[in-house]
Amino acid sequence: MSFEHPNREGKTLDEVYRTIMGRAPEHDFDPKIDRMAEIMDMLGNPQQSFRVVHITGTNGKGSTARMVESLCRHYGLRTGLYTSPHVEKVTERIRIDGQQLSDDEFIDIWDQVKGFIDMLDAKSAKLGDPKMSFFEVLTTMAFWAFADAPVDVAVVEVGMGGLWDATNVLDGDASIIGPVDMDHMQWLGDTIEQIAEQKAGIIKSNSTVIVGPQPHAEQVMPIIERTAQEKHAQGLVRDGEEMEVVSRKPAVGGQLVTLRTPNGLYEDVPVSMFGEHQAHNALSALAAAEVVVPVNGPLDGDVVAESLSSVKVPGRIEVVRTSPTIIVDGGHNLNAVNALRDAIEENFDFQQLVGVVSMMADKDVEDVLGVLEPMLDTIVVTENSWKGRVMSAEDLEKIAIDVFGEDRVIRKDFLPDAIQTAVDLVDAADETGVGYGHGVLVCGSFVTAGDARHLLKEQMNEDLKKPKSERADSGRN
């Protein structure tokens, strides 16, 4: 990075972010990676300068990525982590050694690559092709930052699909394919087989392919296995066969799991996240770490325990407040919401749970609400901050009434009002005043989760930052 001249033009992060956001959004799918291949070539192919764990799947990518990164970092490797979407701030997406880029570092990386991006955009315009997208630009910035650091291993989450995703200029040493389910059908295909073909597209000739549990195994596994064979992958490690979750039991703040991988048995490993799906994500992460960490045989059990117990993922079954308990989750499809429901039923003892829900208009809203219905006493429908994609509170209210019945649905058009309404409901029903057994669940999308985290973040009273004398004076006025 240009530490001699960081942010030499005095830009703000918001200015740079708005510039990048002016491009086609990350869900605007263009089925080719020619632009990414060309920009990488222009930059000297930075993506070839580190080992790679490449992760796809319908759900669990972010959690698995963070666990792989933590395992590698705790083993002394310098790590890069690239995930999406961000929950509150775009700099969350690019991390080096576990730390997200600072605002100035992000701006500096943009300054270093923007000239090359402008050249490629001009060339594309002459050919009648689109400019680089928002996601392609961020991916370029991530790979450049990792090479510049430099990192030993980069853990990279696919944006969408796999075969044509911008990240697929990588050659993964480990290619993780998590559960494949129906999502993003308008871009990836309307059958599970078509979606599986897209996900399997990250498999490369030097990859060890690590496959998580598959809800549609009969349709998905033959495609993955065939692709691995055609690409001459180095190996195939499947959940339930070459690796397995031997046992798991709930624990304070998460669970204890015993995991078997191709290299060994890891007993009573603490995982600081809720749900059976996170045990399987930890298993895939551990198998991937065995590929890229330069150690023969199993990894050290104490290092594994320390690394996995330290991983917290924002917006994934995250308890952000207590008394009452407020849980924030970004799950937006059936697979994710089923996992959310199972984790809450296993780890919490709610006598009353009020939901605050805002979803994107292109999701299977009625099906998701159907999964939530048995565990919510009341649902408060609202809108998050992404006005271009969010379903209106009015439309969401109509669907919610069909699922929950009119007497269990409340509409509040603004998220702060919706959260306050839910808290008031559980406080009114809490006779003891300690919040036990009463909770609020805020969910429906990662934008909703990010908005809620920002609203619920504890803020220091500004008066407490003042010297005592100033506080005393202000108190007398």
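User: Which residues touch the most other members of the largest nonpolar core?
Analyst: Keep in mind that this is a predicted model. The largest nonpolar core has 39 residues. I20, I94, F106, M141 and F146 touch the most other members.

User: Which elements give two or more residues to this core?
Analyst: There are helices and strands on the list. The helices are helix 1 (13-21), helix 2 (34-42), helix 4 (103-126) and helix 5 (134-148). The strands are strand 3 (94-96) and strand 5 (153-157).

User: And which one gives the most?
Analyst: Helix 5, with ten residues.

User: Back to F106. What does F106 touch?
Analyst: Leaving out residues up to four places away in sequence, F106 touches L13, V16, I20, V90, T91, I94, L101, L138 and M141.

User: What about a second core, how many residues does it have?
Analyst: The second core is separate and has 38 residues. Among them are L259, A287, L299 and V311.

User: How do strand 14 and strand 17 run, parallel or antiparallel?
Analyst: Strand 14 (residues 352-357) and strand 17 (residues 438-443) run parallel. Six bridges join them. In this pairing, L353 stands opposite G439 of strand 17.

User: How far does helix 13 reach?
Analyst: From first C-alpha to last, helix 13 reaches 15 Å. That is close to the 16 Å expected for its twelve residues.

User: Which of its residues are buried?
Analyst: A393, L396, A400 and F404 are buried in helix 13.

User: Why do they line one face of the helix?
Analyst: Look down the axis of helix 13: the buried residues fall within an arc of 60 degrees, so they line one face. As a general rule, an α-helix has 3.6 residues a turn, so residues three or four places apart point the same way.

User: What covers those buried residues?
Analyst: The cover includes strand 14, helix 12 (365-372), strand 15 and strand 16.

User: Last one: what follows helix 13?
Analyst: G405 does, and its phi is positive, near 90 degrees.

Notes. Residues are numbered from 1 along each chain as its sequence is written. This is a predicted model: local features need pLDDT of at least 70, side-chain atom pairs count only at pLDDT 80 or more; totals for chains, interfaces and linings use all residues. Side-chain values use heavy atoms; hydrogens and water are left out. Two strands pair if DSSP finds at least two bridges between them. Helices (H or I, at least four residues) and strands (E, at least two) are DSSP runs, numbered from the N terminus. The expected span of a helix is 1.5 Å times one less than its number of residues. Buried means under 20% relative accessible area, exposed over 50%, partly exposed in between (1.4 Å probe, protein chains only). The arc is that of the directions from the helix axis to the C-beta atoms. Contact means heavy atoms within 4.5 Å. A nonpolar core is a set of buried Ala, Val, Leu, Ile, Met, Phe, Trp, Tyr and Cys residues joined through side-chain atoms within 4.5 Å.
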